[in-house]
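This report concerns the structure shown below.

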Amino acid sequence: IYLGQREGRAVFVTGTPDPFDRSKRIRFRSRDEAEACLTLIRARLMSGWEVGDVLSALAPTDEDRLRVEDLAARYLEHWRAQAKAGERSPTTLRELERWAKTGGLWAWWWGRDVRSLRNGDVIAWHAWLADQGIGAKTRRNVSDGFKTFLRWATRASARGAGDAWPVPAFPPISAPKTRTPTISVERVLAVLERIPWERRGIFLA
């Protein structure tokens, strides 16, 4: 059921909420089922409902969602505990906190149910990151960090081995390798010769 454009995207209704798990949808099994739902939607619109109200009624409630930002907060707490125990780098933790803060580069995902993320969402996010004027290496680090978080979230939520839901594919982001300028072997040897023998060991290494 096509409901028009919202925020530049075509909106379709392809089923109704599962009464036992509103985060999932029961897809229409026939045209008759879709027509019956369309009749109800039209009745709501004629009674004064807006399209947004209809979508909200057909969407999961906040209680049904596993929102990305809520799981990200749990992920940061997990990292803080490990950093405090000396098992994780405080520097990396600060990077994660910067990306996951309000207005950070991960905040593009806020408000979404983590179980509903698609490959196309990742492609759109990568394009958005590029539009922010961020270098390729930073974009790759931010994307790799988010992918690692999603893998943690699905494994932490599983009841046993494996994943609780699939994680979308992340296309690689190519970053040019930096070339470190070096000096010639002759100059290296000349420098070593000027270092006192008793202090030369570390430089030889």
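Strand 1 (residues 2-6) and strand 2 (residues 9-12) pair in the antiparallel sense over 3 bridges; two strands pair if DSSP finds at least two bridges between them. Helices (H or I, at least four residues) and strands (E, at least two) are DSSP runs, numbered from the N terminus. The model is predicted: local features need pLDDT of at least 70 and side-chain atom pairs count only at pLDDT 80 or more, whereas totals for chains, interfaces and linings use all residues. Residues are numbered from 1 along each chain as its sequence is written, and side-chain values use heavy atoms, with hydrogens and water left out.

In this pairing, R6 stands opposite R9 of strand 2. The hairpin of the two strands has 2 residues between them, and E7 takes a positive phi near 55 degrees there.

The second largest pocket has a volume of about 260 Å³. A pocket is an open set of points on a 1 Å grid over the protein atoms alone where a 1.4 Å probe fits, with protein on both sides within 12 Å along at least five of seven lines; lining residues have an atom within 4 Å of a point. Its volume is the space filled by probe spheres set on the points, which are joined across faces, edges and corners. Of the 15 lining residues, T16, C37, L40, I41 and L58 lie nearest the centre of the pocket. Strand 4 (21-27), helix 1 (31-46) and helix 2 (51-58) each give two or more residues to the lining, and the largest share, 6 residues, comes from helix 1. The lining is divided by class as follows.

| Class | Residues in the lining |
|---|---|
| Nonpolar (Ala, Val, Leu, Ile, Met, Phe, Trp, Tyr, Cys, Pro) | 10 residues |
| Polar (the others, Gly among them) | 1 residue |

The largest nonpolar core has 27 residues, of which W106, W125, F146 and F149 touch the most other members. Such a core is a set of buried Ala, Val, Leu, Ile, Met, Phe, Trp, Tyr and Cys residues joined through side-chain atoms within 4.5 Å. Helix 3 (68-84), helix 4 (90-100), helix 5 (119-131) and helix 6 (136-156) each supply at least two residues of this core, with the largest share, 7 residues, coming from helix 3. A second, separate core of 7 residues includes V11, V13, C37 and I41.

S143 is found in helix 6 and is buried, with a relative accessible area of 2%. Buried means under 20% relative accessible area, exposed over 50%, and partly exposed in between (1.4 Å probe, protein chains only). Not counting residues up to four places away in sequence, S143 touches W125, H126, F170 and I173, where contact means heavy atoms within 4.5 Å.
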